[in-house]
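Please look at the sequence and the model first.

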Amino acid sequence: MTATASSPSAHESPSAPSLDPAAPPSLFAPLQLRDLTLRNRIAVAPMCQYSATDGLATDWHLVHLGSRAVGGAGLVIAEATAVSPEGRITAGDLGLWTDEQIAPLRRITDFIHEQGAATGIQLAHAGRKASTHLPWAETHGEVPLADGGWVTVAPSPEPFAADYPQPVELGPDGLRKVVDDFRAAAARADRAGFDVVEVHAAHGYLLHEFLSPVSNHRSDAYGGTPEGRARLLLEVVGAIREVWPAGKPVFVRVSASDWVDGGLTSEDFVPLVPQLRALGVDLVDVSSGGNVATAQIPVGAGYQVPFAAQLRDAGLPTGAVGLITAPAQADHVIRTGQADLVLLARELLRDPYWPLLAARELRAAGPVPVQYGRAW
Ligand SMILES: Cc1cc2nc3c(=O)[nH]c(=O)nc-3n(C[C@H](O)[C@H](O)[C@H](O)COP(=O)(O)O)c2cc1C
């Protein structure tokens, strides 16, 4: 049972989702992925809150994620959630490496479902960008071992930047553990009630570090060629699909460009998309950057949307993210077939009710909670 209701008919108009089955979908058209139907094309992008204790979700996560479900998003994706303690960016990261971490997340997914939204969780390993201070701490970069930090791992023993930890190169046992940890975390995410698992292969964290020639200088089967560099990601996705229910979608977030000469470009992902599809991935969430501290990124409105369009042409539904802030802009991304889903991060921090206000602006039926009906 859901506690949502459509907004009054006065808000419906000719620009509401068309009845023509051949017409392109709008921002407020449902999206079907396997057995899951999202009520609209708006997703809350994963956003680290660094507010967990021992990886356990707290009331902060309930209110943070819950209020964005109340605000009308179709899918609420919980932040980068570490599959192992050494995979945390900071000591405040969410985790799913023990069964004790399931129950506090179940409370959150139950609440979000009551609001009529679907739930996702991003599973992550921070690789050489682990063991760092909270972003609002006075000190930045590495937390040394003596101060409670931990040994970090990477494809090659090269730090991300001068003030980051020196990582240890992953060997065969370490690689197997990474795959096993992602598989076990996905099984726990299912028990916690999540509808979508997103594999974090972006932003310079472990799986991106393996994909990128900037950070992967191995000469074994996990490096050397594009196929070798993609191996760990493909093994992780395969392991997740072993335990993740067939009716539930899997997303992969990628950084489609390293934004440096010699780094990954969106062209590198074109052959990878059909391989991800064959392994049971349902949507690629297309971000960029994060693997090179000095990269110059031409940030601007919707600057990553062309990457989402390119990878959609390569054979999978995509999510577009990055400086999408206006309802008409988001609607245009969907209506022009550049992506199937838009993910918003900072705009939804500023306004959790953005989807309801967007529905009003676009004259679509927004999922106004019955409790708030008198305001609409
Ligand atoms: C506070 C905050 C935390 C974030 N944490 C994550 C994260 O856990 N995983 C991730 O893939 N991206 C993370 N991001 C990046 C966002 O998901 C998003 O890709 C980025 O902010 C661009 O979207 P925007 O312009 O709508 O903010 C974070 C962004 C912010 C602002």
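The largest cavity has a volume of about 40 Å³. The model is predicted, with local features requiring pLDDT of at least 70 and side-chain atom pairs counted only at pLDDT 80 or more, while totals for chains, interfaces and linings use all residues. Residues are numbered from 1 along each chain as its sequence is written, and side-chain values use heavy atoms, leaving out hydrogens and water.

**Cavities**

- The search of the whole structure finds 2 cavities of 30 Å³ or more. A cavity is a set of points, on a 1 Å grid over the protein atoms alone, where a 1.4 Å probe fits but cannot get out; grid points are joined across faces, edges and corners, and a volume is the space filled by probe spheres set on the points.
- Lining the largest cavity are Ala80, Thr81, Ala82, Gly87, Ile89, Asp93, Ala124, His125, Ala126, His200 and Tyr205; lining residues have an atom within 4 Å of a point.
- Strand S5 (residues 75-82) gives the largest share of this lining, 3 residues. Strands (E, at least two residues) and helices (H or I, at least four) are DSSP runs, numbered from the N terminus.
- By class, the lining of the largest cavity has 6 nonpolar, 4 polar and 1 charged residues. Ala, Val, Leu, Ile, Met, Phe, Trp, Tyr, Cys and Pro count as nonpolar, Asp, Glu, Lys and Arg as charged, and the others, Gly among them, as polar.

**Pockets**

- The largest pocket has a volume of about 790 Å³, a pocket being an open set of grid points with protein on both sides within 12 Å along at least five of seven lines.
- Its lining holds 33 residues, of which His203, Arg253, Ser287, Ala345 and Arg346 lie nearest the centre. Strand S14 (341-344) and helix H10 (346-350) are the elements that give two or more residues to this lining, and H10 gives the largest share, 4 residues.
- The lining of the largest pocket divides into 18 nonpolar, 11 polar and 4 charged residues.
- The second largest pocket holds about 280 Å³ of space. Of its 13 lining residues, Tyr50, Ile89, Thr132, Tyr164 and Tyr205 lie nearest its centre, and the lining divides into 6 nonpolar, 6 polar and 1 charged.

**Ligand**

- The ligand takes the space of the largest pocket; a molecule sits in a pocket if more than half of its atoms lie within 2 Å of the grid points.
- Around the ligand are 15 residues, with Cys48, Gln122, Arg253, Leu323 and Arg346 coming nearest; a residue is near a molecule if one of its heavy atoms lies within 4 Å of it. This shell comprises 9 nonpolar, 4 polar and 2 charged residues.
- A polar side-chain atom of Arg253 is 2.9 Å from an oxygen atom of the ligand.
- The protein buries 81% of the 610 Å² that the ligand exposes when taken alone, areas being from the Shrake-Rupley method with a 1.4 Å probe.

**Gln32**

- Gln32 is in strand S2 (residues 31-33).
- The side chains of Gln32 and Thr37 make a polar contact of 2.9 Å. Such a contact is a pair of N or O atoms within 3.5 Å; within protein, one must be able to donate a hydrogen and the other to accept it, and residues adjacent in sequence count only if both atoms are side-chain atoms.
- The Gln32 side chain also reaches the backbone oxygen of Arg34 at 2.6 Å.
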